[in-house]
There are 2 protein chains.
Amino acid sequence: MNQHFFITIEGSEGVGKTTAVKFIETFFIERAYPYLLTREPGGTPIAEKIRDMLLHTENEILAAETELLLLFASRVQHVEMLIKPALKQKRFVVCDRFIDATYAYQGGGRGLSIPSIQALETLTLEGFLPGLTLLLDAPLDICFERMQQRGKKLDRFETQSKDFFERVRQVYLERAQAAPDRFKIIDTSGDIPSVNAQILSILNVYCENN
Amino acid sequence: MNQHFFITIEGSEGVGKTTAVKFIETFFIERAYPYLLTREPGGTPIAEKIRDMLLHTENEILAAETELLLLFASRVQHVEMLIKPALKQKRFVVCDRFIDATYAYQGGGRGLSIPSIQALETLTLEGFLPGLTLLLDAPLDICFERMQQRGKKLDRFETQSKDFFERVRQVYLERAQAAPDRFKIIDTSGDIPSVNAQILSILNVYCENN
């Protein structure tokens with residue numbers, strides 16, 4: 001199993017992640033690289049059920065610690081049942097959000113204890129990390145404008161305050177600075193072709209060096 | 001909040017837990033003690049959804065670590081949203097299975113790492129434990145005979161081997177020996193009146209000393 005083949009896409013709401021993921025998929029299709037596109041939370045039927053519980057809690061308050069444990073439960077299931085088997089088959093695995101999102105959203109956004117997240121990471125992933133993480137980043141005002149333009153009903157995470165998303169962004173950027181070999185930051189404040197050009201240049205180099 | 005009011009009932013399949021729980025409920029009703037009867041995994045709508053995922057995984061293999069995290073997720077939700085609020089209102093909380101079941105089933109039965117369970121216990125419960133744990137215990141042959149007499153379809157846990165349940169029982173008994181102040185062992189190998197008499201004598205003493 002080669003973690004080099006495991007690529008994650010991270011970034012806050014409205015940063016252009018959906019568009020970027022589609023572009024990345026096209027990259028793999030055009031080159032006929034075997035790949036698996038997946039997302040967190042989710043990726044397997046059980047993990048998707050957990051995702052649904054996280055996004056739609058109806059009338060019950062979801063305790064912050066419950067949320068954290070559910071995220072790691074879905075992640076373990078996803079890693080063991082989908083991601084690792086695909087990597088063993090020498091496929092690229094492109095995952096829309098992974099462990100960094102937990103630090104950014106639950107640690108930064110909700111203010112949950114970072115040592116608790118680290119303890120759960122150690123317990124569940126045992127050092128398993130992506131070889132490449134593309135962090136999409138843009139100023140918050142641009143992200144909010146894009147979220148409003150979508151016009152769809154917002155979920156539990158998307159209805160958070162600007163402060164929440166500012167903290168999410170900060171943690172993402174801090175993690176990228178702390179692990180520059182794994183992270184590449186994509187500036188998504190410009191138009192789609194400029195974003196795609198950045199992604200293409202990174203993937204071209206990365207995928208040829210495996 | 002007084003942990004003295006928090007009472008858990010533990011024991012393997014077929015040990016007579018359902019009958020004992022009904023008898024305990026009657027004890028609280030007859031004395032007009034304010035009480036809450038609940039169970040694990042479950043107890044709140046979110047926690048019950050998690051219970052359902054644990055018991056019915058359909059065609060997907062549930063990774064052992066996923067199971068463990070889901071159990072703790074449902075437990076945190078249950079403790080924070082139901083058990084602690086009830087204890088604050090000075091109600092007795094009677095819970096059908098709690099933390100000891102995780103050590104017995106996941107640790108003993110499935111052979112998951114005990115340090116992992118301890119780490120999750122520390123992270124989520126922070127020392128919160130019942131004041132009294134009634135451990136129902138009987139030789140495995142008696143339990144299996146009772147399970148077969150039930151005649152209903154067995155769930156994921158009930159279809160385990162005899163070895164599995166032997167390990168479950170051993171861990172329960174070891175935990176009881178290690179914490180004799182909290183645990184009372186009820187011998188359920190006899191008939192229902194003899195079991196009820198043991199429970200009654202323990203509860204009479206325990207509930208008058210609060």
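In the predicted model, helix H2 (residues 45–55) of chain B packs against helix H3 (residues 64–88) of chain B at an angle of about 160°, with the axes 8 Å apart. H2(B) is therefore roughly antiparallel to H3(B) (angles over 145 degrees; axes are lines fitted to C-alpha atoms over the stretch in contact, with angles from 0 to 180 degrees between N-to-C directions). The crossing of H2(B) past H3(B) is left-handed, the near helix being turned anticlockwise from the far one by less than a right angle. H2(B) contributes B:Ile46, B:Ala47, B:Ile50, B:Met53 and B:Leu54, which meet B:Glu67, B:Leu70, B:Leu71, B:Ala73, B:Ser74 and B:Gln77 of H3(B) (heavy atoms within 4.5 Å).

Chain A comprises eight helices and five strands (DSSP runs of H or I, at least four residues, and of E, at least two, numbered from the N terminus). Their order along the sequence is β-α-β-α-α-β-α-α-β-α-α-β-α. Of the 210 residues in chain A, 55% are buried (under 20% relative accessible area, 1.4 Å probe, protein chains only). Among contacts in chain A between residues at least 6 apart in sequence, 79% link residues at least 24 apart. Along the principal axes, the C-alpha atoms of chain A fill a box of roughly 45 × 35 × 30 Å.

Residues are numbered from 1 along each chain as its sequence is written, and chains are lettered from A in the order in which they are written. Local features need pLDDT of at least 70, and side-chain atom pairs count only at pLDDT 80 or more, whereas totals for chains, interfaces and linings use all residues; side-chain values use heavy atoms, without hydrogens and water.

Key
Parallel < 35°, antiparallel > 145°, perpendicular 65-115°, else oblique. Buried < 20%, exposed > 50% of the residue type's maximum accessible area, 1.4 Å probe, protein only.
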